[in-house]
Amino acid sequence: MKFTVGIAMNPLDQLPALAKTAEECGFSSIALPDSLFFMEKQSADYPYTPDGSRMWNEETPWVDPLIAAAAMGAVTSKIEFYTQVLKLGSRNPVLLARQVGSVANLIGNRFGFGVGIGWAPEEFEWCGVPYKKRGARVDEMIDVIKLILGGGMVEYHGEFFDFDRLQMSPAPTKPVPFYVGGHTDVALRRAARVGDGWTSAMIKFDDLAQVIARLRELREEYGRADLPYEIQTVCIDRFGKDGYAELADAGVTDTIVVPWVFDGIGFDGPLEAKQESLRKFADQYIG
C-alpha cells in the first residue's frame, strides 16, 4: 500500500518544501485539495461533517491544485501529485483539458486527475454554471477532457458541450489517470464506469469496506474488473501498523495521511515541525 500526504489548508509558502521532504521520505504522492472561495453564507450542507458545517473559515489558505502541482513538481523529480478532488461542475472542460495537459507535460507525467462534482450551489451559480443537471454535465465533462487529452484532432457534440474539430498540443505522452470521488451510489457507478480509481473523503472503515465491495460489483457489471484500479482513502478510524495492514487487506491501495496532525501540530504550524513529522512517519511505516 502506498502513502500519500494530504496538504489541505497549509500555508502556501510551505508547499514546495513539504513536497521535497515527502519525496525524500518515500511518500508516493501529494493529494491536492480544491476550494474556489469561501461564501459567507452556505445554502447547502457540507456532506462530510456530521452537522454540515465546513472545517475551514474565510481565512484558511487554499491554492488552485493545478498550479500547486506545477509549483511542487518543479522542485521534485519522483513524487506524484493528484487532485483530491477538483470540483468539475463549476468549470469549463475545454479549458481544463489545456490546464491538465500542461501540468502533466511539465512535471513528466506525474499527475493524476481526481474529480468530483462539487457540493455548493454557489460555486456553480457564481461561476456562471447551472446547478441543475450537474451530474449529467460532469459525465460529459469527463468525456470531453479525456477525448482532448488523448491527442489528435477531435470533436464533440453533446447535450452540454459542443465543438468542431480541434487539437491541443502537446498531448501528454502517457494517459492521465482519472480518480473519481464521491460516496453516493451514483458517484460509485461513475467511478467504476470511467475511473482508473476511486478516491474518498473522510470515511470510517466499516463504510469503506462496503464501498470497496460495491465498487467490485460495479466494475464487474461494467466489464472492467480486470483493469488496474486505485482505492485512495482518508480513513478516520484505522491508524498505526495494524490499522494500515487492515486497510491494505481490505483492498486500499493508497492511504492519505497528514503526519503532523498525529503529532499535535496544526495546519498553521511551523514548516520544520511538519518536516520532522514526515520523517518520523516514514521511519515507522514506509521504510
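This is a predicted model: local features need pLDDT of at least 70, side-chain atom pairs count only at pLDDT 80 or more; totals for chains, interfaces and linings use all residues.
Student: Why is S29 called buried?

Tutor: Buried means under 20% relative accessible area. S29 has 3% relative accessibility, so S29 counts as buried.

Student: Where is S29, and which residues does S29 touch?

Tutor: S29 is in strand β2, which covers residues 29-32. Leaving aside residues up to four places away in sequence, S29 touches F3, T4, V5, I79, E80 and Y82.

Student: What makes the pair S29 and S28 a polar contact?

Tutor: The cut-off for a pair of N or O atoms is 3.5 Å, and residues adjacent in sequence count only if both atoms are side-chain atoms. Here the side chain of S29 meets the side chain of S28 at 3.2 Å, so the pair passes on both points.

Student: Let's turn to strand β1. What makes β1 largely enclosed?

Tutor: Strand β1 spans residues 2-6, and four of its five residues are buried, so the rest of the structure largely encloses β1.

Student: How do you know that β1 pairs with β11 and with β2?

Tutor: Two strands pair if there are at least two bridges between them. Four bridges join β1 to β11 (residues 254-257), so that pair qualifies. Three bridges join β1 to β2, so that pair qualifies as well. The strands run parallel in the β1 and β11 pair, and β1 and β2 also pair in the parallel sense.

Student: On to charges. What makes R91 and D34 a salt bridge?

Tutor: The nitrogen of a Lys or Arg side chain must be within 4 Å of a carboxyl oxygen of Asp or Glu. In the pair R91 and D34 the N to O distance is 2.9 Å, so the pair is a salt bridge. R91 lies in the loop between β4 (86-87) and α3 (93-106) and D34 in the loop between β2 and α2 (65-73), so the bridge ties together parts 57 residues apart in sequence. Both R91 and D34 are buried.

Student: Why does the pair D139 and R193 count as a salt bridge?

Tutor: The closest N and O atoms of D139 and R193 are 3.4 Å apart, and the limit is 4 Å, so this pair counts too. D139 sits in helix α5 (residues 134-149) and R193 in helix α6 (residues 185-194), so the bridge ties together parts that are 54 residues apart in sequence.

Student: Why are D139 and R193 called partly exposed?

Tutor: That label covers values between the 20% limit for buried and the 50% limit for exposed. D139 has 25% relative accessibility and R193 has 33%, so both are partly exposed.

Student: What about K280 and D263? How far apart are the closest N and O atoms?

Tutor: The closest N and O atoms are 3.1 Å apart, and K280 forms a salt bridge with D263. K280 is in helix α10 (residues 271-286) and D263 in the loop between α9 (259-262) and α10, 17 residues apart. K280 is partly exposed at 40%, and D263 is partly exposed at 32%.

Student: How many salt bridges does the structure hold, and which residues form a network?

Tutor: The structure holds 14 salt bridges. D185, R189, R214, E217 and E221 are linked in a network of them.

Definitions and conventions
Residues are numbered from 1 along each chain as its sequence is written. Side-chain values use heavy atoms; hydrogens and water are left out. Helices (H or I, at least four residues) and strands (E, at least two) are DSSP runs, numbered from the N terminus. Buried means under 20% relative accessible area, exposed over 50%, partly exposed in between (1.4 Å probe, protein chains only). A polar contact is a pair of N or O atoms within 3.5 Å; within protein, one must be able to donate a hydrogen and the other to accept it, and residues adjacent in sequence count only if both atoms are side-chain atoms. Contact means heavy atoms within 4.5 Å.
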